[in-house]
Amino acid sequence: NEQNNEVVAEATNTVASGLRNVVAGGGLQNIIALFTGNQQGKSGLLSNPIVNMMVGHFAGKLMSKFNMGGQQANNVAGNLIPGVIGNHNDLVVLQR
């Protein structure tokens with residue numbers, strides 16, 4: 001439905017803005033490691049501090065913008081953010 005599309009779009013925006021902020025803060029090497037490291041799958045990505053920051057930020061957006069409870073927001077964010085990053089990671093691998 002429309003709200004699901006909005007949530008996915010917000011997750012994508014959260015990842016994009018998070019990556020921009022890390023680059024702006026001088027963390028380009030951290031982003032390169034995120035996309036080229038051995039952090040396979042959702043659990044591997046969730047062990048990365050950049051991903052954790054994005055999950056926390058996105059969960060906050062879900063609670064404020066979509067009126068989700070804290071546990072539900074954390075569950076959704078913990079699933080969607082690694083999925084968005086995983087999709088981008090596939091693109092990075094294909095461009096090598």
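**The whole chain**

Begin with everything selected, and keep in mind that this is a predicted model. How many helices does the chain have? There are five helices and zero strands, so a cartoon view follows the pattern α-α-α-α-α along the sequence.

Now switch to a surface view. The chain exposes about 5,700 Å², and carbon and sulfur atoms supply 52% of that area. Of the 96 residues, 34% are buried. If you draw contacts between residues at least 6 apart in sequence, 60% of them join residues at least 24 apart.

**Helix α2**

Next, select residues 28-36, which form helix α2. Show the side chains of Ile 31, Leu 34 and Phe 35: are they buried or exposed? These three residues are buried. They cover an arc of only 85° around the axis, which means they lie on the same side of α2.

**A nonpolar patch**

Stay in this region and select Val 23, Leu 28 and Ile 32. Together they form a nonpolar patch on the surface, with about 240 Å² of accessible area. Val 23 belongs to helix α1, residues 2-24.

**The loop between α4 and α5**

Now move along to Asn 67. Where does Asn 67 lie? Look in the loop between α4 (49-65) and α5 (70-95). Check the backbone here: Asn 67 has a positive phi of about 55°, although it is not a glycine.

**Colouring by confidence**

For the last stop, colour the chain by pLDDT. The mean for the chain is 86, and 86% of its residues reach 70 or more. Which element has the lowest mean pLDDT, and which the highest? Helix α5 has the lowest, at 78, while α4 has the highest, at 96.

Finish by selecting residues 90-96. Here pLDDT stays under 50, and the model has three contacts beyond four places in sequence for these residues. Where pLDDT is low, the predicted coordinates should not be read in detail.

Terms used:
Residues numbered from 1 in each chain as written. Predicted model: local features only at pLDDT ≥ 70, side-chain atom pairs only at ≥ 80, totals over all residues. Heavy atoms only, no water. Helix = DSSP H or I, 4+ residues; strand = E, 2+ residues; numbered from the N terminus. Buried < 20%, exposed > 50% of the residue type's maximum accessible area, 1.4 Å probe, protein only. Contact = heavy atoms within 4.5 Å. Areas by Shrake-Rupley, 256 points an atom, 1.4 Å probe, with all protein chains shown as cover. Arc of directions from axis to C-beta. Patch = residues over 30% accessible without salt bridge, like charges linked within 9 Å, V, L, I, M, F, W, Y side chains within 5 Å. Salt bridge = Lys/Arg side-chain N within 4 Å of Asp/Glu carboxyl O. pLDDT = per-residue confidence, 0-100.
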